[in-house]
Amino acid sequence: MKSLPRLLMILALFCLAPSALFAAQLGVSNAWIPQAPPGAAMLAGYLTIKNTGDAPVSILAAQSDRFRTVSVHQTVIENGVARMRELNSLEIAPGQEVKFAPGGMHLMLMQPRKGVNPGDRIEITLLISDGTRVPAIFEVQAADAGANDGHEHHH
């Protein structure tokens with residue numbers, strides 16, 4: 001009887017382990033936000049995400065306390081005009097690296113809750129299909145740092 005609680009604890013750890021391992025498979029680097037004009041209602045976030053695991057990872061959403069909404073967008077060219085399309089999910093294959101960059105994939109950061117200034121470090125959390133949350137710290141870069149290359153948003 002004394003071994004039953006120990007056995008239950010070991011089983012619980014095995015059940016939780018895949019979730020912890022899943023989170024460790026997703027690496028985030030080069031996370032930054034270009035400075036926007038004062039009062040801007042939309043900003044963009046860029047980063048590189050790498051799946052270092054051996055199973056696909058599906059990003060369903062993103063969120064941050066600093067913005068009312070955060071969503072994953074991809075820029076597409078239609079009739080010579082760049083337009084954004086929101087992605088409901090983003091699957092990253094094992095070993096795949098996805099770069100979010102101006103003119104391509106990006107995080108749309110809507111309605112900042114307070115000013116976003118150069119040097120700020122803003123946490124944005126990626127929500128994975130298995131319920132795992134992967135936090136990333138984005139650094140706001142000054143407009144004159146060359147980070148903002150005229151990436152325009154058209155809906």
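**Exercise 1. In which sense do strand S4 and strand S8 pair, and over how many bridges?**

Solution. Start with the elements: strand S4 spans residues 67-78 and strand S8 spans residues 105-112. Strands here are DSSP runs of E with at least two residues, numbered from the N terminus, while helices are runs of H or I with at least four. Two strands pair if DSSP finds at least two bridges between them. S4 and S8 pair in the antiparallel sense over 7 bridges. One example to look up is Ser71, whose bridge partner in S8 is Met108.

A word on the model before going on: it is predicted, with local features needing pLDDT of at least 70 and side-chain atom pairs counting only at pLDDT 80 or more, while totals for chains, interfaces and linings use all residues. Residues are numbered from 1 along each chain as its sequence is written, and side-chain values use heavy atoms, with hydrogens and water left out.

**Exercise 2. Which residue takes a positive phi in the hairpin of S4 and S5?**

Solution. First, find the pairing: S4 and strand S5 (residues 81-86) are antiparallel over 6 bridges. Finally, look at the 2 residues between the strands, where Asn79 takes a positive phi near 50°.

**Exercise 3. Is Arg66 buried or exposed, and which residues is Arg66 in contact with?**

Solution. Locate Arg66 in the loop between strand S3 (57-63) and S4. Its relative accessible area is 16%, so Arg66 is buried (buried means under 20%, exposed over 50%, partly exposed in between, with a 1.4 Å probe and protein chains only). For contacts, look for heavy atoms within 4.5 Å. Leaving aside neighbours within four places in sequence, the partners of Arg66 include Gln111, Pro112, Arg113, Asp120 and Ile122.

**Exercise 4. What is the geometry of the rings of Trp32 and Tyr46?**

Solution. The structure holds 1 aromatic pair. The centres of the Trp32 and Tyr46 rings are 4.8 Å apart and the planes stand at 40°, so the pair is tilted. The rule covers rings of Phe, Tyr and Trp (its six-membered ring) with centres within 6.5 Å; planes under 30 degrees apart are stacked, over 60 edge-to-face, and the rest tilted. Now place the partners: Trp32 is in strand S1 (residues 26-34) and Tyr46 in strand S2 (residues 42-51), so the pair ties together parts 14 residues apart in sequence. Last, check burial: Trp32 counts as buried at 16% relative accessibility, and Tyr46 counts as buried at 1%.
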